[in-house]
Amino acid sequence: MAAATAEISLQSGLRYLPGRLSRAEQENLVEIIRGVVAEAPLYVPVMPGSGRPMSVRMTNCGPLGWVTDKERGYRYQPTHPVTGKPWPDIPEVLLDLWRELSGHPRDPEACLVNFYTDDAKMGLHQDRDETDFSAPVLSISLGDTCLFRIGGLARTDRTKSLKLESGDVFLLGGEGRLCFHGVDRIYPGTSTLLKSGGRINLTLRRVNP
Ligand code: SIN
Ligand code: FE2
């Protein structure tokens with residue numbers, strides 16, 4: 001499908017860029033993310049209060065990383081919660097993509113790495129732990145296709161579902177910066193990018209003004 005006709009109608013500030021990354025770019029990114037994970041291992045985040053584990057495994061790169069635990073809840077911090085070490089740097093290719101697509105003058109401070117196994121999902125939520133919402137959240141999908149749900153600024157607003165495939169980029173910016181979103185399911189076996197299957201999602205975020 002031509003890029004122009006693949007554009008589905010979305011609320012202002014949301015941008016869906018299907019197939020933005022070539023296969024070679026995706027393969028390169030996977031190698032780079034392997035390096036990040038070797039330094040900052042994936043861990044199981046838990047929900048604030050209940051301590052219930054999330055089905056997605058996480059790590060970060062950048063001066064800040066998004067973390068959650070039972071006692072202190074959702075926040076950004078400069079160190080890995082398990083190793084206590086600073087997060088690895090955000091890879092240059094991701095900074096380049098941010099500079100090209102974000103329309104924001106400053107570089108991202110955090111890159112959250114989410115890893116989804118076959119039955120992982122992520123409930124509908126807003127990304128609102130940043131102190132400044134003027135920069136978009138830039139999301140990159142790698143590996144198996146997922147069913148992504150995007151709503152409005154209220155939890156009860158109507159939602160649209162779209163399949164995010166490997167190499168797709170999605171931006172939540174402007175009036176869409178705080179739109180509710182989540183991942184309803186993974187479609188196992190839909191991509192050959194990751195040798196053992198699953199899906200990686202990277203989100204680049206600016207935390208401070
Ligand atoms: C997120 O909202 O942090 C992840 C979204 C995704 O996995 O596509
Ligand atoms: Fe999110």
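1. Of the 209 residues in the protein, 51% are buried, where buried means under 20% relative accessible area, exposed over 50% and partly exposed in between, with a 1.4 Å probe and protein chains only. This is a predicted model, in which local features need pLDDT of at least 70 and side-chain atom pairs count only at pLDDT 80 or more, while totals for chains, interfaces and linings use all residues. Residues are numbered from 1 along each chain as its sequence is written, chains are lettered from A and ligands numbered from 1 in the order in which they are written, and side-chain values use heavy atoms, with hydrogens and water left out.

2. On confidence, the mean pLDDT (the predictor's confidence in each residue, from 0 to 100) is 95, and 96% of the residues reach 70 or more. Over residues 1-5, however, pLDDT stays under 50, and the model has one contact beyond four places in sequence for them, contact meaning heavy atoms within 4.5 Å. Where pLDDT is low, the predicted coordinates should not be read in detail.

3. The protein holds three helices and 12 strands, which are DSSP runs numbered from the N terminus (helices H or I, at least four residues; strands E, at least two). Its radius of gyration is 16 Å, close to the 17 Å that the globule rule gives for 209 residues, so the protein is as compact as a globular protein of that length; the radius is taken over C-alpha atoms, and the rule is 2.2 Å times the number of residues to the power 0.38. Among contacts between residues at least 6 apart in sequence, 72% join residues at least 24 apart.

4. Strand β12, residues 199-205, is mostly covered, since seven of its seven residues are buried. R199, N201, T203 and R205 point one way from the strand, whereas I200, L202 and L204 point the other way, and all are buried; a colleague checking the model may wish to view both sets together.

5. In helix α3 (residues 92-101), the buried residues are L94, L95, L97, W98 and L101. Seen down the helix axis, they fall within an arc of 160°, so they line one face of α3; the arc is that of the directions from the helix axis to the C-beta atoms. These buried residues pack against β1 (14-17), α2 (23-39), β5, β7, β10 (169-172) and β12. Just after α3, G103 takes a positive phi of about 70°.

6. V30 has its place in helix α2 and, at 4% relative accessibility, counts as buried. Leaving aside residues up to four places away in sequence, V30 touches L142, L193 and L194.

7. K163, in strand β9 (residues 160-164), is partly exposed, with a relative accessible area of 45%. Not counting residues up to four places away in sequence, K163 touches Y16, T145, C146, L147, D168 and Y187. The C-alpha atoms of K163 and N208, 45 residues apart along the chain, are separated by 31 Å.
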